[in-house]
Amino acid sequence: QVQLVESGGGLVQAGGSLRLSCAASGRTFSSYTMGWFRQAPGKEREFVAAISWSGGSTAFADSVKGRFTISRDNAKNTVYLQMNSLKPEDTAVYFCSAYPGTISQHEYTYWGQGTQVTVSS
């Protein structure tokens with residue numbers, strides 16, 4: 001079992017930055033692919049970014065490429081989402097997710113409760 005707790009959300013003006021963190025429990029964190037998803041009001045949850053267990057591979061949604069980066073610190077059981085040049089359309093609840101597989105499998109199993117990000121225009 002893996003438990004995930006997100007933090008770092010908040011209110012920011014357009015063009016600003018935020019860094020989200022996701023702290024994971026469990027001794028096998030370093031073997032999990034980690035991902036970030038988001039869900040805006042009235043919309044379906046969508047993929048944002050993912051990072052392989054080693055940190056050597058990453059993937060991003062087209063809508064955030066060049067603005068967001070994802071990283072992880074396996075010693076701290078934490079994954080980060082650095083969000084720059086934020087836009088009002090980035091407003092959503094952001095969720096951390098994990099699964100014990102390769103980055104190409106997309107079999108997200110464990111989910112956090114989410115953290116709200118609001119970008120004002």
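**Exercise 1: Two loop residues**

Ser52 is found in the loop between strand E5 (46–51) and strand E6 (58–60); strands are DSSP runs of at least two residues marked E, numbered from the N terminus. A word on the model before you go on: it is predicted, so local features need pLDDT of at least 70 and side-chain atom pairs count only at pLDDT 80 or more, while totals for chains, interfaces and linings use all residues. Residues are numbered from 1 along each chain as its sequence is written, and side-chain values use heavy atoms, leaving out hydrogens and water.

Task: Find out whether Ser52 is buried or exposed, and which residues Ser52 touches.

Step 1. Ser52 counts as buried because its relative accessibility is 7%. Buried means under 20% relative accessible area, exposed over 50%, and partly exposed in between (1.4 Å probe, protein chains only).

Step 2. Leaving aside residues up to four places away in sequence, Ser52 touches Tyr32, Thr33, Ser57, Arg72 and Ile103. Contact here means heavy atoms within 4.5 Å.

Step 3. Now move to Ile103, in the loop between strand E9 (92–99) and strand E10 (110–111). Ile103 counts as buried too, because its relative accessibility is 18%. Among its contacts beyond four places in sequence are Ala50, Ile51 and Ser52.

**Exercise 2: A strand with two faces**

Step 1. Look across to strand E8 (residues 78–83), which runs antiparallel to E7 and is joined to it by 6 bridges. Two strands pair if DSSP finds at least two bridges between them.

**Exercise 3: The disulfide**

Task: Find which cysteines form a disulfide, and why the pair ties together parts apart in sequence.

Step 1. Cys22 and Cys96 form the link, with sulfur atoms 2.1 Å apart; the rule asks for a pair of cysteine sulfur atoms within 2.5 Å.

Step 2. Cys22 lies in strand E3 (residues 18–24) and Cys96 in strand E9, so the pair ties together parts that are 74 residues apart in sequence.

Step 3. Both Cys22 and Cys96 are buried.

Note on methods: Helix = DSSP H or I, 4+ residues; strand = E, 2+ residues; numbered from the N terminus.
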